[in-house]
Amino acid sequence: MADFEHVFQSPPEGAAADWTISQNWRAYTQVEHDTWDTLYARQMEILPGRASDAFLKGLSALDLNTGGIPDFALMNPKLKALTGWTVVCVPGLVPDEVFFDHLANRRFPSGQFIRRPDQLDYLQEPDIFHDVFGHVPMLTDPDFADYMQAYGKGGQRAQSLGMLKNLARLYWYTVEFGLIDQGDGLRIYGAGIVSSASESVFAVEDPSPNRIAFDLERIMRTDYRIDDFQQVYFVIPSIEALNDATLEDFGPIYDRLKGQSDIGITAIQPYDRVITRGTQTYADKGGR
Ligand code: PHE
Ligand code: FE
């Protein structure tokens, strides 16, 4: 996926003005369908008891295990009936404003391609397994569905205020790498975790990472890493609480953030509510 490090500034040939392309489901090869099935089966060995109820419920409601890569023409009516969201195909990473516009209109942009069989474990850029298996189940949850749309609108605003770097951290530590305290234990709802076999175990069980209670402003100051397992996860008490915390006007928060320094990945602040203090053994040993 190194070829996706390049983000185009105008839609590539064959894409619409909003950067969407046809899924062209019939063009997927048997090898590609088999890759989906392999990844799906592997995650289902791992996720019960680790993924959140909201994720698992959404996954079963969407019926994404009928053999091979889901056909959006069949998946979208189910999703739309539940929360009004649809999934659209894009060629790869899209510019921020394109991404936000889709979210603000309850469209989730998914990559069209699937990883190669020799890339099952690690991929730097989102493929259709990450985007659909990882993200779409949570979009069936009414509160999360609202959160994602609000994020799209908030992204447009943050961009105009020059605060995207801070807002992107909120996406990272919730939508991609969020944990939830379900009452019966810590569970995963972040797409970056649920779509990764190794991080699904690491995020909830490994003694290495810090796990800290969700704190909006603190998250927006916290760096993140994109090259390996996270060294800190933030834990929400419920999706409703996440929604409530982010409904407030971020204007005053952005003003405060401008005068504050960033917080390092492993730093613990005096005011943090620490759920598990990590040993950082995994990262200290060199990680991946
Ligand atoms: N409330 C935010 C704002 O005023 C918008 C937002 C909502 C951002 C939800 C992220 C998630 O900018
Ligand atoms: Fe993602």
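Along the sequence, the donor residues of the iron ion (ligand 2) follow the spacing H-x4-H-x40-E. A donor here is an N, O or S atom within 2.8 Å of the metal (3.2 Å for Na, K and Ca), and since water is not among the atoms, sites may look incomplete. This is a predicted model, in which local features need pLDDT of at least 70 and side-chain atom pairs count only at pLDDT 80 or more, while totals for chains, interfaces and linings use all residues. Side-chain values use heavy atoms, with hydrogens and water left out, residues are numbered from 1 along each chain as its sequence is written, and chains are lettered from A and ligands numbered from 1 in the order in which they are written.

**The iron site**

The iron ion (ligand 2) is coordinated by H130 through NE2, H135 through NE2 and E176 through OE, at 2.0 to 2.1 Å. Because H130 lies in helix α5 (residues 128–135) and E176 in helix α7 (residues 164–176), the pair ties together parts that are 46 residues apart in sequence. Helices (H or I, at least four residues) and strands (E, at least two) are DSSP runs, numbered from the N terminus. H130 is buried, with a relative accessible area of 11%, and E176 is buried with a relative accessible area of 11%. Buried means under 20% relative accessible area, exposed means over 50%, and partly exposed lies in between (1.4 Å probe, protein chains only). Helix α7 is mostly covered, since eleven of its 13 residues are buried, among them L167, L170 and E176.

The residues around ligand 1 include L167 and L170, together with Y147, R157, T246 and F250; a residue is counted here if one of its heavy atoms lies within 4 Å of the molecule. The table gives polar contacts, which are pairs of N or O atoms within 3.5 Å; within protein, one must be able to donate a hydrogen and the other to accept it, and residues adjacent in sequence count only if both atoms are side-chain atoms.

| Residue and part | Atom of ligand 1 | Distance |
|---|---|---|
| R157, side-chain N or O | oxygen | 2.6 Å |
| T246, backbone N or O | nitrogen | 2.7 Å |
| F250, backbone N or O | oxygen | 3.0 Å |

The protein covers 91% of the 330 Å² of accessible area that ligand 1 has on its own. Accessible areas come from the Shrake-Rupley method with a 1.4 Å probe, and for residues only the protein chains shown count as cover.

**Strands and their partners**

Strand β1 (residues 86–90) and strand β2 pair in the parallel sense over five bridges, with V88 standing opposite P109 in β2. Two strands pair if DSSP finds at least two bridges between them. Strand β2 (residues 107–111) is mostly covered, as four of its five residues are buried.

In a regular strand the side chains alternate between the two faces of the sheet. Strand β5 (residues 210–213) is covered on both faces, with N210 and I212 buried on one side and R211 and A213 buried on the other. Strand β5 pairs with strand β6 (residues 232–236) in the parallel sense over four bridges, whereas two bridges join β5 to strand β7 (residues 274–276), and these run antiparallel. R211 has Y233 as its bridge partner in β6 and T276 as its bridge partner in β7.
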